[in-house]
Every structure is written in C-alpha cells, then in structure tokens.
Amino acid sequence: MNNPMEITDLRPDEYAEAARIWEASVRATHDFVTEADLDVFRPLVRAAFGQIEHLAGLRDGAGRLLGFAGAADGKLEMLFLAPASRGRGGGTLLLEHARGAFGVTAVDVNEQNHQAVGFYLHHGFQVVGRSAVDGTGKPYPLLHLRIAAQ
C-alpha cells in the first residue's frame, strides 16, 4: 500500500499551525497536563520554533501539515502529530527522518506519557536516566533516552 505522507521542511509561515498541532497532541496524550500548564508551555513552544536547529513537517498527499519534529545537537526536542493522524506511521516517518537527516540519538520524554515512552522504546531507544521534574521545573518526571549503538 502506498503511503501518501511525506516529510518536508517546516516553514516559518506554518509555525502557528504547528503550535495548534502541538496543543491538540498534548491534550490527546498528556492527560496529566493542566490548563494552567498549557498557558505556561504555549508561548515557550511558539518561541522554540524560531530557535530550534532542525524542523521537519509531516504532510499528507495534499500538502497539509499532519505533524512535525524538531531537533538540535543530536537530540529530538519535539515530535507531535495531529490526533487524527496518530497510528498511521507518521510518527515513525518523522523519527526516522530525524535520526537520518538530523543525527538524532537522544530524546527526553514525559514518564507519564506511556504511549510516547512505548513508541521510543519500540524504536530502539533505551532509558539512560531520569529527572524528577521537566525542563520548566514542573513535577512531570522525564526519562532520558538514547538510541542503542548500531
């Protein structure tokens, strides 16, 4: 079966749409995040688009943005899919692209996001550490993962 999804650069004029995808994805997968947390994270995510080294967009056959990934210094900083696009292989496409094109070997993932933890473990990442708080100091433990050497 032909997969109509493709990976392209994420353009600056798409950052607002990517931020909407981020929020919808977080609402669908991070049931531990509160509305107040989203109010804190929203401007941080929007600002990150202009600062992150590598950004890629996942698109459908009509060119619509379905998700995105961002990486810097060999670390996957973001990978989010629109909720309706989950389970169709797009996350794997984005991860493979990030590994091949951006040299990604590491990722931090919320320990409470069991689906994401399982996704990365399934793709060969291993837990190498843990932090009790996230990058903003909130009590959302992070697992630090690295890809096994090949």
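Which residues on the other side of H4 are exposed? In this predicted model, they are His 114 and His 122.

**View 1. Helix H4 and its buried residues.** Ala 116, Val 117 and Tyr 120 of H4 are buried. Seen down the helix axis, these buried residues fall within an arc of 100°, so they line one face of H4. The cover over them includes strands S4, S5, S6 and S7, together with helix H3 (90–102). On the other side of H4 are the exposed His 114 and His 122. Just after the helix, Gly 124 has a positive phi of about 95°.

View 2. Seven strands make up an open sheet with mixed pairing, in the order S1-S2-S3-S4-S5-S7-S6. Its edges are strand S1 (6–9) and strand S6 (125–131); each has a single partner strand, so one side of each is left without a neighbour in the sheet. On average, and ignoring direction, neighbouring strands are turned by 30° against each other. Helix H4 (residues 114–122) packs on this sheet, where it touches strand S4 (75–81), strand S5 (106–110), S6 and strand S7 (142–147). The direction of H4 makes about 155° with that of S5.

**View 3. Strand S2 and its two partners.** Strand S2 (residues 54–59) pairs with strand S3 (residues 65–72) in the antiparallel sense over six bridges. One example is His 54, whose bridge partner in S3 is Ala 71. S1 also pairs with S2 in the antiparallel sense, over four bridges. Here Asp 9 has Ala 56 in S2 as its bridge partner. Five of the six residues of S2 are buried, so this strand is largely enclosed by the rest of the structure.

**View 4. The hairpin of S2 and S3.** Five residues lie between the two strands of this hairpin. In the hairpin, Gly 63 takes a positive phi near 85°.

**View 5. Helix H1 and its surroundings.** Helix H1 (residues 15–29) contains 15 residues. From its first C-alpha to its last it reaches 21 Å, close to the 21 Å expected at 1.5 Å a residue. Its buried residues are Ala 18, Ala 19, Ile 21, Trp 22, Glu 23, Ser 25, Val 26 and Thr 29. What do the buried residues of H1 pack against? They pack against helix H2 (35–49), strands S3 and S4, and helix H4.

Methods:
Residues are numbered from 1 along each chain as its sequence is written. This is a predicted model: local features need pLDDT of at least 70, side-chain atom pairs count only at pLDDT 80 or more; totals for chains, interfaces and linings use all residues. Side-chain values use heavy atoms; hydrogens and water are left out. Two strands pair if DSSP finds at least two bridges between them. Axes are lines fitted to C-alpha atoms, for helices over the stretch in contact, and angles run from 0 to 180 degrees between N-to-C directions. Contact means heavy atoms within 4.5 Å. The expected span of a helix is 1.5 Å times one less than its number of residues. Buried means under 20% relative accessible area, exposed over 50%, partly exposed in between (1.4 Å probe, protein chains only). The arc is that of the directions from the helix axis to the C-beta atoms.
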